[in-house]
Amino acid sequence: MATSKKHQVEQKQTEQDKQQAAHELIDGLVQKSQVAFDQLRNFTQEQVDNICQAMALAAEEHHMDLAVSAANETGRGVAEDKAIKNIYASEYIWNNIRHDKTVGIIENNDEDQTITIADPLGIIAGVVPVTNPTSTTIFKSIISAKTRNTIIFSFHPQAFESSVKTAKILQAAAEKAGAPKNMIQWIPQCSRENTNALLQHPNIATILATGGPGLVKAAYSSGNPALGVGPGNGPAYIEKSANIERSVYDIVLSKTFDNGMICATEQTLIVDKTIYNDVKKEFEKRGCMFLDKKQADMIRKVMLINGALNAKIVGQRPFQIAKMAGFEIPESV
């Protein structure tokens with residue numbers, strides 16, 4: 001009994017030591033970020049836009065090698081599709097926001113007699129998932145810089161190297177364009193204690209949380225303002241007046257892109273009874289397979305473990321999941 005109590009005390013002490021170390025680590029990152037923020041908040045619109053332009057161009061230049069790094073490290077998704085996401089997060093996003101005013105007076109409304117002035121929030125905590133590590137890092141870094149905020153990232157342990165590689169490219173490009181040092185930082189060691197210490201730090205202005213339900217809940221429970229993006233995969237509805245060919249094409253494209261890693265990927269399909277057979281034929285024409293009960297049970301056993309999603313099947317190609325489930329797969333596939 002005495003041994004058990006001693007073990008509990010030692011375990012409690014270890015947890016306290018971990019939390020103390022985490023707080024000290026995050027305090028150091030926040031102090032550096034605060035110094036960078038104090039400089040960045042006084043930048044002109046031209047300075048801010050030059051920095052963001054440099055970041056977007058650097059990310060776009062490395063869109064493919066970052067995608068390959070993410071695919072290789074995580075073992076999930078499709079490198080070519082991740083490259084498209086990187087282009088979207090850099091070139092498309094920047095072109096979409098480049099002309100937005102984010103410094104000084106952004107609106108002078110004579111009619112309402114109001115003046116709107118843009119002011120940065122401060123230090124942002126950015127949480128990056130394993131599903132879209134490089135594109136999420138690019139996106140959050142650019143929008144933070146555009147609004148004169150600094151950012152500290154918590155990267156997913158299974159995508160740490162590719163995420164750090166992305167952040168280093170962005171920070172180097174930003175500094176070359178005149179950004180302060182440490183405008184972009186990240187936690188050097190992945191742990192629950194470190195992430196919680198970042199999310200709960202009193203000097204964090206807001207949290208941009210992308211990840212699973214537990215992480216998003218932790219962000220919303222941190223005591224700091226948070227914007228959370230969790231799992232999606234909502235149902236799609238094909239109504240009887242819909243263009244069947246285009247609807248099916250869009251759903252198949254969405255579902256297969258990056259092996260379904262994007263949260264917006266359709267997970268369930270509802271079809272009007274009057275067009276059901278036509279929709280089914282269109283799916284079959286595009287290589288989709290409809291499972292009978294036995295086949296569905298085979299897939300279910302490999303996809304779910306004790307009612308929870310099997311992480312090993314996430315982001316894998318359909319034939320790989322089918323092979324894990326015991327289907328006979330031709331050698332040519």
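## Tyr88 and Tyr92

At 45% relative accessibility, Tyr92 is classed as partly exposed. Tyr88 is likewise partly exposed, its relative accessible area being 47%. These values, like the others in this report, come from a predicted model.

Three aromatic pairs are counted in the model. In the pair of Tyr88 and Tyr92, the ring centres lie 4.5 Å apart and the planes meet at 15°, so the two rings are stacked; planes under 30 degrees apart meet that description. Tyr88 and Tyr92 are four residues apart in helix H4 (residues 79-97), which means that about one helical turn separates them.

## Helix H4

Helix H4 has 19 residues, and at 1.5 Å a residue these should span 27 Å; the C-alpha atoms at its ends are 26 Å apart, in agreement with that expectation. The helix bends by about 30° at Tyr88, a residue that also takes part in the stacked pair with Tyr92.

Buried residues of H4 include Ala83, Ala89, Ile93, Trp94 and Ile97, and among them are also Asp81, Lys82 and Lys85.

## Phenylalanine rings

Phe155 and Phe160 are both buried. Their rings form an edge-to-face pair, with 6.3 Å from centre to centre and 70° between the planes. Through ring pairs, Phe153 joins Phe155 and Phe160 in a cluster.

Another phenylalanine, Phe290, has a charged neighbour: Lys280 lies over the face of its ring, 5.2 Å from the ring centre.

Methods
Residues are numbered from 1 along each chain as its sequence is written. This is a predicted model: local features need pLDDT of at least 70, side-chain atom pairs count only at pLDDT 80 or more; totals for chains, interfaces and linings use all residues. Side-chain values use heavy atoms; hydrogens and water are left out. Rings of Phe, Tyr and Trp (its six-membered ring) pair if their centres lie within 6.5 Å; planes under 30 degrees apart count as stacked, over 60 as edge-to-face and the rest as tilted. Helices (H or I, at least four residues) and strands (E, at least two) are DSSP runs, numbered from the N terminus. Buried means under 20% relative accessible area, exposed over 50%, partly exposed in between (1.4 Å probe, protein chains only). A charge sits over a ring if NZ of Lys or CZ of Arg is within 6 Å of the ring centre and within 35 degrees of the ring normal. The expected span of a helix is 1.5 Å times one less than its number of residues. The bend at a residue is the angle between axes fitted to the seven residues ending there and the seven starting there.
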